[in-house]
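Please look over the sequence and the structure first.

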Amino acid sequence: MTFSIVARCADTGQLGIAISSSSIAVGARCPWLRAGVGAVASQNITLPSLGPQVLDLLAQGLAPSDALAAVFAGQDHSEYRQVTVIDNQGRTAHFSGAKTLGIHHALSGEQCVAAGNMLANPCVIEAMVRVFETTAGPLAERLLAAMQAGLTAGGEAGPVHSAALVVVDEVLWPVVNLRVDWADEDPIGALVQLWHAYRGQLQDYIDRALNPHSAPGYAVPGDER
């Protein structure tokens, strides 16, 4: 049903997640990030609360593997969950329960961890990690390159319909939060197009939030600067 990559940029400290699923609106349930703390993808039979719970423990100083273990120690139905974690140091952990759906795989790489279920084959995840590790550029573009590599390697066993890209930096809110909640075909391609439209304005939106007087206008009614 889902494949994803969770990662950190060693140069900027940004944390990000790219994810796609056969289900509607995967970006509403599965990616969880907190600036300066970490990122968590909670997928398969998704329990959204796992994301904030793991992030709370990372913020207290627990390593990703210890945070996962602590959260699952107090949870029922862990056999249905698939969760990946990265912290602000680039340390990773992953968990795939015994009832993770279909062909599934999870793999940690350098400053990243990828996982999926209902996959066409396990090589999907290996391709994602390999491409992330060998691609240069901003974190968002490396994440999207990894997703496209996973799709090329086979992707899910069936069609995917939604995708999301979320990146956090130094501010409290996501600096990138793009979603394709439903597409009959190629939501990852649609997400790439959204990123191409957004990337040139990313810094402008941060500037507008932090210092509205010096931020650029967008020539819309009422924004006459």
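Which side chain meets E141 in a salt bridge? The partner is R199, at 2.9 Å, N to O. A salt bridge here is a side-chain nitrogen of Lys or Arg within 4 Å of a carboxyl oxygen of Asp or Glu. This pair links distant parts of the chain, 58 residues apart: E141 sits in helix α4 (residues 139-152), and R199 in the loop between α5 (187-198) and α6 (202-210). Helices (H or I, at least four residues) and strands (E, at least two) are DSSP runs, numbered from the N terminus.

This is a predicted model: local features need pLDDT of at least 70, side-chain atom pairs count only at pLDDT 80 or more, and totals for chains, interfaces and linings use all residues. Residues are numbered from 1 along each chain as its sequence is written, and side-chain values use heavy atoms, without hydrogens and water.

The structure holds four salt bridges. Among them are these:

| Salt bridge | Distance, N to O |
|---|---|
| R34 and D56 | 3.0 Å |
| E141 and R199 | 2.9 Å |
| D181 and R179 | 2.9 Å |

R34 lies in strand β3 (residues 31-34) and D56 in helix α1, so their bridge ties together parts that are 22 residues apart in sequence. R34 is partly exposed at 29% relative accessibility. D56 is partly exposed at 36%. Buried means under 20% relative accessible area, exposed over 50%, and partly exposed in between (1.4 Å probe, protein chains only).

Helix α1 (residues 50-59) also holds L55. L55 is buried, at 2% relative accessible area. Its contacts (heavy atoms within 4.5 Å) include R34, W32 and L33, leaving aside residues up to four places away in sequence.
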